[in-house]
Amino acid sequence: MSETKLLSEHYDKDEFIGLAGYKKHGGYETLAKALKMQPQQIIDEVKASGLRGRGGAGFSTGTKWSFLPKNNEPRYLLCNADEGEPGTFKDRLMMERAPHQLIEGMIISGYAINSAKSYIYVRGEYHYPIRVLEKALREAYDAGLLGKNIMGSGFNHDMDVYSGAGAYICGEETGMISSLEGLKGQPKLKPPFPAIQGYLRKPTIVNNVETLAAVIPIIRDGAAAYRKFGTEKSAGTKFFSLSGNVNKPGNYEVPLAYPMKDLIYGLGGGIKAGRKLKAVIPGGSSAPVLTAEEAERATLDYECLAQMGSMLGSGAVIVLDDSQCMVDCLANLTHFYHHESCGQCTPCREGTGWLDKIVHSILSGRGRLQDIDLLLKVADNMKGRTICALSDAAALPVISFVTKFRDEFEYYVREGRSKVKGTVLYAEMHH
């Protein structure tokens, strides 16, 4: 089975990056169409299309837009391009190959929600995508596609790029808003939700890069045409960032509900000769791991993965073959979440540190059998007790790794070395 290139059709053409090349392939024609529609018509069309947030949460985009209060307060549109979820690299591709696609999608969305100002909040490490976006914004301003009276419609809209400073936590929408306001990048309690009180305490919509770009085909071809892809509850196409032990890692755009095994063995070219599939993390590092058997019957949509006790998340599919030690892989994840916790909530600040310490003590050959249950207990106490989902994001992989691959943890504790690699993977020299 091949890709369905609804958004990425022209990503292989270098000219698509610049305004002239983008226009040659129909760029900004959908904006012209949208500006002749009523804003509410656009919101209704996006709602009818079944588009769900592509950043990880999977919430209905049109529904989110309709939460905005019906008043004349200034409102803001924020593009979340703080792509920090390990294994995820689709937004980077979209910004590098099609910056005008994002800008056009944002202007249409800004018009729909009656916003005169938007920001693209880009991950601080993304130096090159930021340069590409800034150049595209200058082109759009010079062509009268941004600023005052866009295309003679009477609609004004300004757009800026804002660079993060390397914090994973700022990918959470309220943490991102704090950072954009010049405060410490820490999530805020909800309610109030950003749609009611967000950036500068004004109504604010936060959407992912991929979500905003998807508005273009929906308005161009209509909701019914968009719904031809995917399923009733998971409509449209989605980018999947495929990485790990596959022959052809990369970004692939496929309809939702695409079989995971076709992504891994078909588009991804399968696993290196002589190796077998062992496990798959299906939606970025915070998604609970699937065994090979589960992965081979999974489909890539919100419902199927939720039923399997995991999640589609950001669409980052990390493939592990039978040469991988699960204790070692988990140590990578616990270290990441401990490092990235903002420290605001006690269960997360303390819990991520505990998980990291326990897994690393097992790795260095100093683990005890009761540590395995202690991992589960600590992780369980971290779930659902914090302002944002980072605590859960750290706890869920721990629970799934230990539950599904417990034999490897027990072997490591008993033998003091990896069942797979036969060695101690984290000796004292690391300290």
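**Entry 1**

I looked up Q186 and found it in the loop between α8 (173-180) and β4 (204-208), where helices (H or I, at least four residues) and strands (E, at least two) are DSSP runs, numbered from the N terminus. The model is a predicted one, in which local features need pLDDT of at least 70 and side-chain atom pairs count only at pLDDT 80 or more, while totals for chains, interfaces and linings use all residues. Residues are numbered from 1 along each chain as its sequence is written, and side-chain values use heavy atoms, with hydrogens and water left out.

Is Q186 buried or exposed? Q186 counts as buried because its relative accessibility is 19%, and buried means under 20% relative accessible area, exposed over 50%, and partly exposed in between (1.4 Å probe, protein chains only). When I set aside neighbours within four places in sequence, I found Q186 in contact with T174, G175, S178, C342 and Q344, contact meaning heavy atoms within 4.5 Å.

I then turned to the peptide bonds of this loop. K190 and P191 are joined by a cis peptide bond with omega of about -5°, and P191 and P192 are also joined by a cis peptide bond, with omega of about 0°. P191 has its place in the loop between α8 and β4, and P192 lies in the loop between α8 and β4 as well.

R201 is found in the loop between α8 and β4 too, and I noted that R201 has a positive phi of about 65° although it is not a glycine. R201 counts as exposed because its relative accessibility is 63%.

**Entry 2: another positive phi**

I also looked at N114, which is found in the loop between α6 (99-112) and β2. The phi of N114 is near 60°, a positive value in a residue other than glycine. With a relative accessible area of 51%, N114 is exposed.

**Entry 3: nonpolar cores**

How many residues does the largest nonpolar core have? I read 57 residues, and those with the most contacts inside this core are I42 and I120; a nonpolar core is a set of buried Ala, Val, Leu, Ile, Met, Phe, Trp, Tyr and Cys residues joined through side-chain atoms within 4.5 Å. Helix α9 (residues 209-221) gives the largest share of this core, 8 residues. Apart from this core lies another, of 52 residues, among them Y199, I362, V402 and Y426.

I followed I42 and, leaving aside its neighbours within four places in sequence, found contacts with A34, M37, W65, I108, Y111, A112 and I219. I then checked P39, which is found in helix α3 (residues 39-48) and is partly exposed, with a relative accessible area of 25%. Again leaving aside neighbours within four places in sequence, P39 is in contact with Y111 and A112. The C-alpha atoms of P39 and I108 are separated by 9.0 Å, although these residues are 69 residues apart along the chain.

**Entry 4: aromatic pairs**

I counted 12 aromatic pairs, using the rule that rings of Phe, Tyr and Trp (its six-membered ring) pair if their centres lie within 6.5 Å, with planes under 30 degrees apart counting as stacked, over 60 as edge-to-face and the rest as tilted. Y121 and Y162 form a stacked pair, with 5.5 Å centre to centre and 25° between the planes. This pair links distant parts of the chain, with Y121 in strand β2 (residues 117-122) and Y162 in strand β3 (residues 158-163), 41 residues apart. Y121 is buried, with a relative accessible area of 1%, whereas Y162 counts as partly exposed at 28% relative accessibility.

F336 and Y337 form an edge-to-face pair, with 5.0 Å centre to centre and 80° between the planes. F336 counts as buried at 19% relative accessibility, and Y337 is buried with a relative accessible area of 1%. I also noted that ring pairs link Y11, F16, Y22, Y28 and F239 into a cluster.
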